[in-house]
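Welcome, and thanks for taking a look at this protein with us. Please keep the viewer open as you read, so that each residue can be found as it comes up.

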Amino acid sequence: MKTSNFARAFLAASIVAAISGASTAALADIKDYKFELVDQTVQAGADKVITVRLMNTRTGKPVPDAVIFATRLDMAPDGMQEMATRIAPVPGAEPGTYRFKASFGMAGRWQLSLGAKVQGESGTVENKLVITAQK
């Protein structure tokens with residue numbers, strides 16, 4: 001009797017370990033997500049729209065419904081991080097894209113810093129993207 005109970009317990013533990021190992025392998029890591037610019041350049045001036053796409057790098061698919069909670073746009077790439085501008089979200093055109101309206105006061109390289117939460121993942125996706133404002 002003791003042997004059969006032990007065998008059942010061992011079999012049950014093995015099944016649980018196999019299932020939990022398989023589900024862990026199926027989950028993505030927060031490092032498997034990144035933002036990318038749809039367009040690398042924008043015209044300098046007021047009320048310009050920047051579009052970014054949040055991608056799952058494992059699957060190559062865009063990620064919809066992320067919660068973007070941190071945004072900053074400044075001229076850090078040109079050594080002027082104090083030259084920052086306000087940025088406001090606007091509705092995205094397609095799933096997995098996120099759009100922002102900003103004023104680019106001068107031509108040059110601007111850094112868009114983003115922080116987001118992806119549903120079902122722990123941790124934060126953080127990226128810094130460089131966009132060029134042209135005259």
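**Overall make-up**

Please bear in mind that this is a predicted model. Reading from the N terminus, the order of elements is α-β-β-β-β-β-β-β-β-β-β, with helix α1 covering residues 2-26. Of the 135 residues, 29% count as buried. The protein exposes about 8500 Å², and carbon and sulfur atoms supply 56% of that area.

**The nonpolar core**

In soluble globular proteins, nonpolar side chains tend to be buried together. Here the largest nonpolar core has 26 residues. Which of its members touch the most other members? They are Phe-35, Ile-50, Val-52, Leu-54, Leu-73 and Phe-104. The elements that give two or more residues to this core are β1 (33-37), β3 (45-56), β5 (67-75), β8 (97-104), β9 (108-117) and β10 (125-134).

Setting aside neighbours within four places in sequence, Ile-50 is in contact with Leu-37, Leu-73, Tyr-98, Arg-99, Phe-100, Phe-104, Leu-112 and Ile-131. Two names in that list, Tyr-98 and Phe-104, come back in the next section.

**Two aromatic pairs**

The structure holds two aromatic pairs. In one of them, the rings of Phe-35 and Tyr-98 have their centres 6.4 Å apart and their planes at 80°, so the pair is edge-to-face. Phe-35 sits in strand β1 and Tyr-98 in strand β8, so this pair links distant parts of the chain, 63 residues apart. Phe-35 is buried at 3% relative accessible area, and Tyr-98 is buried at 13%.

How are the rings of Phe-104 and Trp-110 arranged? Their centres lie 5.3 Å apart and their planes meet at 85°, so this pair is edge-to-face. Both Phe-104 and Trp-110 are buried.

**Salt bridges**

A search of the whole structure finds four salt bridges.

| Arg-58 (54%) | Asp-32 (13%) | 3.2 Å |

Take the bridge between Arg-58 and Asp-32. It links distant parts of the chain, with Arg-58 in the loop between β3 and β4 (61-62) and Asp-32 in the loop between α1 and β1, 26 residues apart. Is each partner buried or exposed? Arg-58 is exposed, whereas Asp-32 counts as buried.

Arg-109 lies in strand β9 and Asp-78 in the loop between β5 and β6 (80-85), so the pair ties together parts that are 31 residues apart in sequence.

Asp-74 lies in strand β5 and is buried, with a relative accessible area of 4%. What does the side chain of Asp-74 meet in a polar contact? Beyond neighbours within four places in sequence, Asp-74 is in contact with Gln-81, Met-83, Ala-84, Arg-109, Trp-110 and Gln-111. Asp-74 and Gln-111 are 37 residues apart in sequence, yet their C-alpha atoms are 5.4 Å apart in space.

Ser-113 lies in strand β9. Why does Ser-113 count as buried? Its relative accessibility is 13%, and buried means under 20%. With neighbours within four places in sequence left aside, Ser-113 is in contact with Ala-70, Thr-71, Arg-72, Asn-127 and Lys-128.

Technical notes
Residues numbered from 1 in each chain as written. Predicted model: local features only at pLDDT ≥ 70, side-chain atom pairs only at ≥ 80, totals over all residues. Heavy atoms only, no water. Core = buried A, V, L, I, M, F, W, Y, C linked by side-chain atoms within 4.5 Å. Buried < 20%, exposed > 50% of the residue type's maximum accessible area, 1.4 Å probe, protein only. Helix = DSSP H or I, 4+ residues; strand = E, 2+ residues; numbered from the N terminus. Contact = heavy atoms within 4.5 Å. Areas by Shrake-Rupley, 256 points an atom, 1.4 Å probe, with all protein chains shown as cover. Salt bridge = Lys/Arg side-chain N within 4 Å of Asp/Glu carboxyl O. Phe/Tyr/Trp six-rings, centres within 6.5 Å; stacked < 30°, edge-to-face > 60°.
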